Amino acid sequence: MVRRFSKYISLKISIMLKNYFKIAIAVLRRRKFFTFISLFGISLTLTVLMVLTAFIEKVTNPVYPGDKNSRSLYIKRLTYTSKKGWINSGGSSFYFLTHYAGSLKTPVKMAIVSRNTSSNAYVNNKKIVIDIKYTNADLWNIANYQFIEGKSFTPDQINKADRVAVISERTRNEYFGDAVTVVGKYIEADNISYRITGVIKNVPEIEEVFYANMFLPYTVAKSDYRNKDFWGDYSAILLSPSEQMVTKMRTEYEQMVTRISIPDNMKKDFDTLHSDADTYFETFTRGFFGNADNVGYVRFLLFMSLFVLLFMLLPTVNLVNVNITRIMERSSEIGVRKAFGASSKTLVYQFITENIILTILGGIIGVILTIVILQVINSSGLIPDLDLNINPLVLLYSLLACLFFGLLSGVYPAWRMSRLNVVTALKAQ
Amino acid sequence: MIRLQNIEKVYRTDTIETLALNSISLDIAKGEFLSIMGPSGCGKSTLLNIMGLLDTPSRGDIKISDQKTDHLTDKQLAQFRNQKLGFIFQSYHLINDLQVLDNVELPLLYRNTTAKERKMLATEALEKVGLSNRIKHFPTQLSGGQRQRVAIARAIVGRPEIILADEPTGNLDSAMGNEIMEILINLNRNEGTTIVMVTHDENMAHKTHRLVRLFDGSQVQ
């Protein structure tokens, strides 16, 4: 009995769905302009959202070379504040990082890298801009740079202040031409020659901490790394022994910072010193949405949610509008269906199904558009070495959001339609 | 088959009350072909809509196949119409987005039928109205007479006991009108379908078993 009933129900649903689909496609084909506007709205919204998230994901979660991100914390800014409300912020000095962050017990490794400085080199009268980063040896252990040839410089070479360099594939190609072995050769930047020890696969420029065209030992930097000022050009990456220890590492750093006394030359103007050990994502949210006291995570989420909501609301309102117009045009059909046995509920289902089909179609077009646009961005060189991909989770959420808004934009018009009196509906034609 | 008792229909606005039907009582027997005539605005279509349960009377009772209909829910009404009634409208009301066959299948969609059964029954209905060679056409590719024949096929496909036709020949020339009338007469004669038809045409009306005349919402004959 139950089996027969469920067979009956599934038969009925499949008949209805097939019919709804047929009608939906026919209606979409007939009302080409409305269909175009609706599909355009949905697919464009979805495309913008997915391209944006692909971009944000790349900025906030670099896969190459930062593959140990879940175990890492980043110390990027050092901020002085005064009771008068003055805030002064900058990078940390090599001394500050080695002396204080270096004293922590939890981290197993600590990479210290400088902000990039640009240097010009000339090859065959052609100017090449090289972004230089100074680093200690732990960068090569924490970040997983892929070496196309050679290897990184050693701690011994750093200690001896050897003029050695790791360069990027792009710099190798620009400086030496394609397909040449360059390990052992010299590259000149700012009139100083450096011996190349290795060549790495390019890193996108937006991955600020990891990106450079030329990596040099911190000991050869022009600015003296022994300078005892707290401010400087450096950032640190702390690596904890495990993901579980990250929180402990953070707490240890925070507690240590509270014990640091402000240098005498700063005491006159400032009262407090702030420095945070943030995850890669938090360095991004703090940079754009936070400050010394606030990591900006909540603000970022609020901003993004509001943005997505407003952004999705536009095509939804548009769809509601288009749908109401469509209903008025189809009132004769509604009347006929009611006369021949469709209940109001059945018609509501039909209309919502049609709307969902429309939004899914828009979703599919959106995905195709996103793939094309990401390909274009990746190959355009607009942001060098950027490799944007569709995030499957974002894709899933976007399609779910599409379905949700499809449902939302269909419910009100469908409700209005179901209340349409048969006689009035039939007279409308 | 259809019993109307003291049917009244009043349309109310804020300022005015219009009596569209005034105490109409009518018994229509099974297998009867009845026509309703009267000047425009006399309430013919309103009466037909009330008989077809597309509209509700302000007062009075309706019984169809010995069943009272005033307490039926929206879903039950839909089911009742689907099983018992077939409609033919003056302006055909075909769905232009669907092919002829799909239009005719429409009442069967709201029943428990397979695609195969639906196709078979719809083709059979189209054969009866002489349009089995047009199943893949769209309504806009057909003449007025052909469209009305599709509408008849749609009305009879579910084998309803009653067909309600609202000026089925109103939009057609006399030759096509006669063709449609022939189909309806044959349907009534051969299948025993009860037909109630609203018409302006005396000739058509005289071809039916009984004629009811309305004037200003009241029955005068």
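Analyst: Let's start with a term: a residue is buried if 20 or more other C-beta atoms, placed from the backbone, lie within 10 Å of its own; with 12 or fewer it is exposed, and in between it is partly exposed. This is a predicted model, in which local features need pLDDT of at least 70 and side-chain atom pairs count only at pLDDT 80 or more, while totals for chains, interfaces and linings use all residues. Residues are numbered from 1 along each chain as its sequence is written, and chains are lettered from A and ligands numbered from 1 in the order in which they are written.

In chain A, 39% of the 429 residues are buried. Helices (H or I, at least four residues) and strands (E, at least two) are DSSP runs, numbered from the N terminus. By that count, chain A has 14 helices and 12 strands.

Now to our sheet, in chain B. Two strands pair if DSSP finds at least two bridges between them. Six strands form an open sheet with mixed pairing, in the order β6-β7-β8-β3-β9-β10 (chain B). Its edge strands, each pairing on one side only, are β6 (85–88) and β10 (218–219) of chain B. At the β10(B) end, strand β9 (residues 210–215) of chain B pairs with β10(B) in the antiparallel sense, over two bridges. Ser218(B) in β10(B) is the bridge partner of Phe215(B).

Which helix packs on this sheet, touching β6 and β7 of chain B? That is α5 (residues 144–156) of chain B, and its direction makes about 170° with that of β6(B). Here residues are in contact if their C-beta atoms, placed from the backbone, lie within 7 Å; axes are lines fitted to C-alpha atoms, for helices over the stretch in contact, and angles run from 0 to 180 degrees between N-to-C directions.

Helix α2 (residues 74–84) of chain B has Ala78(B), Arg81(B), Asn82(B) and Lys84(B) as its buried residues. These pack against β4 (59–64), β6, α3 (100–109) and β7 of chain B, together with α11 (331–339) of chain A.

One last idea: a nonpolar core is a set of buried Ala, Val, Leu, Ile, Met, Phe, Trp, Tyr and Cys residues joined through C-beta atoms within 7 Å. The largest one has 76 residues, of which Val104(B), Ala153(B) and Leu164(B) touch the most other members. Beyond its neighbours within four places in sequence, Ala153(B) is in contact with residues including Val104(B), Ala125(B) and Leu126(B).

Notes
Contact = placed C-beta atoms within 7 Å.
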